[in-house]
Amino acid sequence: MALTQPINMRQIAQLARLELTAEEDLAFTEQIDQVLRYMDVLGELKLEGVEPLFQPHDLPTAFRVDVAHPFGVDSNGQPKTLASAPDVQDSGFKVPQIV
Amino acid sequence: MIQKIDEIHGAFDRREITAVQLTKKYLEAARASRLNSFITLCEERALGQARAADEKIASHGRVPRDSHPLLGIPLGIKDIFTIEGVRTTCASKMLDNYVPPYTATLVERLEAKGAVTLGKTNMDEFAMGGSNENSAYGNVLHPTHPDRVPGGSSGGSAAAVGGGLCVASIGTDTGGSIRLPAHYCGLVGLKPTYGSVSRYGMVAFASSLDQAGPMTTSVRDAAILFDAMNGHDPRDSTSANVPPSAKTAAALTEEIDWKNLKIGVPAEYFVEGLAPEVEASVRAALQWFESKGAKLVPVSLPHTRYSVAVYYIVAVSEASSNLARIDGVRFGVRPPGAREATDLADFYRKARALFGPEVKRRIILGTFTLSSGYADAYFRRACQVRRLIRQDFDEAFTKVDLIAGPVSPTTAFRFGEKSDPLQMYLNDILTIPANLAGLPALSMPCGQDGAGLPIGLHLIAPPFAEAALLQAANAFEQGRRA
């Protein structure tokens with residue numbers, strides 16, 4: 001069974017929140033098409049009844065105590081989590097207006 | 001420069017050199033090096049740790065090896081691990097200025113055992129690559145053959161050790177990123193069992209595959225480092241809740257029951273395209289084990305041929321999800337275009353423009369394999385085949401104690417030699433299966449080709465059997481030297 005599906009690069013790039021140049025669009029379309037054709041090999045196998053393996057070991061769900069561990073503040077009293085933020089306003093992360 | 005932990009500790013005990021002197025020597029070597037193996041040198045941190053090490057040695061009269069097995073040992077840490085206050089780039093322009101507010105568990109553990117963090121090593125961007133040609137900070141050179149790649153993605157960690165710029169280093173292995181550069185550079189590289197070393201503070205590429213491990217010049221040093229870094233961490237929900245292995249190094253010299261040691265040799269690992277010199281070296285290593293009394297047993301891992309396809313669906317799917325957080329909002333670089341964006345969708349597209357081509361390619365592929373209408377055909381199917389690959393190993397390990405073979409079909413190749421992505425991906429066929437099945441595996445030197453390029457022996461063990469794996473590796477290393 002062939003798995004290969006044509007990839008709509010524009011739509012996938014939009015989903016991935018990536019802006020591709022015309023050259024990238026062209027190169028990726030060809031390269032990803034080649035990779036997807038290679039992945040057709042998985043179509044050879046009969047997989048009815050085979051449970052997918054998402055984690056290599058069957059680990060139980062790890063619960064933890066619902067307690068916050070804040071990173072604290074720096075010497076200026078600013079939260080450490082904001083130290084590498086590209087833009088900050090009033091102790092929050094500043095982004096463009098969305099509504 | 002001395003590069004074995006025991007020898008360094010002996011020299012500290014005899015007051016032949018201090019930890020500060022040793023650290024300064026390595027810092028000088030790293031600064032003068034042309035290998036491009038470090039992105040950031042942590043000079044102040046390293047010298048502070050070295051001074052603390054010297055004080056401890058002075059107060060104890062000698063190195064307190066039990067409590068501080070890494071005292072004064074300068075290490076290179078792959079630039080994928082966070083250290084509070086130290087720039088962590090993942091070799092990406094997206095994180096060029098990222099200074100994290102917290103430290104990875106692995107780094108905390110190594111430093112608590114006395115290690116000196118010399119610097120952050122170069123790598124393929126977000127650990128995506130097998131040759132270290134995908135770093136935003138430039139290629140890393142092979143330590144002895146500068147026209148060749150050092151392997152990737154932990155290429156900086158490998159070149160730094162191979163080039164004598166640190167005693168040992170830490171890498172990460174998602175599909176072979178420790179073992180491949182160890183094979184190319186003639187080092188010991190251990191990928192531990194999935195879940196045995198905490199991933200907290202290790203920037204995620206593919207969460208169900210990523211695992212950190214040591215890269216060293218000897219099996220014993222790999223065991224010492226593994227003992228210092230493994231163990232349950234409640235901050236990593238995939239960390240295995242099994243008792244930590246703290247005595248692997250001490251157990252190395254225990255006598256091996258050779259007559260009862262069975263080593264599986266999978267026909268599927270002696271693939272078409274395997275370089276004759278690589279095959280000859282690996283076969284000679286197998287004969288050495290046989291000469292000691294071990295039994296070589298043919299085993300079959302029939303789904304090996306599907307592993308590259310499975311891996312490049314699972315890994316890129318997980319990566320497309322993990323890298324969604326790199327969006328220029330909370331940390332990292334916000335390019336000028338994003339600052340001028342007028343809506344959030346446009347902002348994200350502009351903010352994520354600094355990813356390199358391989359990362360973009362994998363995010364696109366992973367977004368596709370997880371997208372509505374295709375996720376069953378690709379992601380789910382890949383995970384079903386992943387189970388078959390693990391079952392192959394489960395079955396093989398009912399008959400044998402270890403599996404042995406080559407690490408990669410060839411020795412280190414030249415820069416630019418593998419130009420198309422699929423060709424590069426196929427190079428991982430022998431290392432990927434251990435990641436998909438979560439098994440411990442290592443690469444260790446077993447020979448050289450005609451050009452003097454190192455060849456690695458690949459040993460794979462059942463889950464959490466690092467002690468047996470390292471014991472066999474140590475016996476081979478010592479036996480070959482004798």
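**Notebook: a helix pair, a core and a chain contact**

I began with two helices of chain B: α10 (residues 307-322) and α14 (residues 376-396) pack at an angle of about 125°, their axes 9 Å apart. The model is predicted, so I kept to its limits: local features need pLDDT of at least 70, side-chain atom pairs count only at pLDDT 80 or more, and totals for chains, interfaces and linings use all residues. Residues are numbered from 1 along each chain as its sequence is written, and chains are lettered from A in the order in which they are written.

Helices here are DSSP runs (H or I, at least four residues), as are strands (E, at least two), numbered from the N terminus. Axes are lines fitted to C-alpha atoms, for helices over the stretch in contact, and angles run from 0 to 180 degrees between N-to-C directions. α10(B) and α14(B) are therefore oblique to each other (under 35 degrees is roughly parallel, over 145 roughly antiparallel, 65 to 115 roughly perpendicular, the rest oblique).

I then listed who touches whom. α10(B) gives Ser307(B), Val310(B), Ile313(B), Val314(B) and Ser317(B) to the contact. From α14(B) come residues including Tyr378(B), Phe379(B) and Ala382(B). Contact means C-beta atoms, placed from the backbone, within 7 Å. The residues of this contact are nine nonpolar, two polar and one charged. Ala, Val, Leu, Ile, Met, Phe, Trp, Tyr, Cys and Pro count as nonpolar, Asp, Glu, Lys and Arg as charged, and the others, Gly among them, as polar.

Next I looked up the core. The largest nonpolar core has 165 residues, and Val310(B) and Ile313(B) are among those with the most contacts inside it. α10(B) gives the most to this core, with ten residues. A core is a set of buried Ala, Val, Leu, Ile, Met, Phe, Trp, Tyr and Cys residues joined through C-beta atoms within 7 Å. Leaving aside neighbours within four places in sequence, Ile313(B) is in contact with residues including Met39(A) and Thr369(B).

In total, 45 residues of chain A are in contact with 62 residues of chain B. α2(A) gives the most to chain A's side, with eight residues. That side divides into 31 nonpolar, seven polar and seven charged residues.

Last, I checked a loop residue. Leu439(B) sits between α16 (432-437) and β10 (441-448) of chain B. Is Leu439(B) buried or exposed? Leu439(B) is buried, because 26 other C-beta atoms lie within 10 Å (20 or more is buried, 12 or fewer exposed, in between partly exposed).

Methods:
Two residues are in contact if their C-beta atoms, placed from the backbone, lie within 7 Å.
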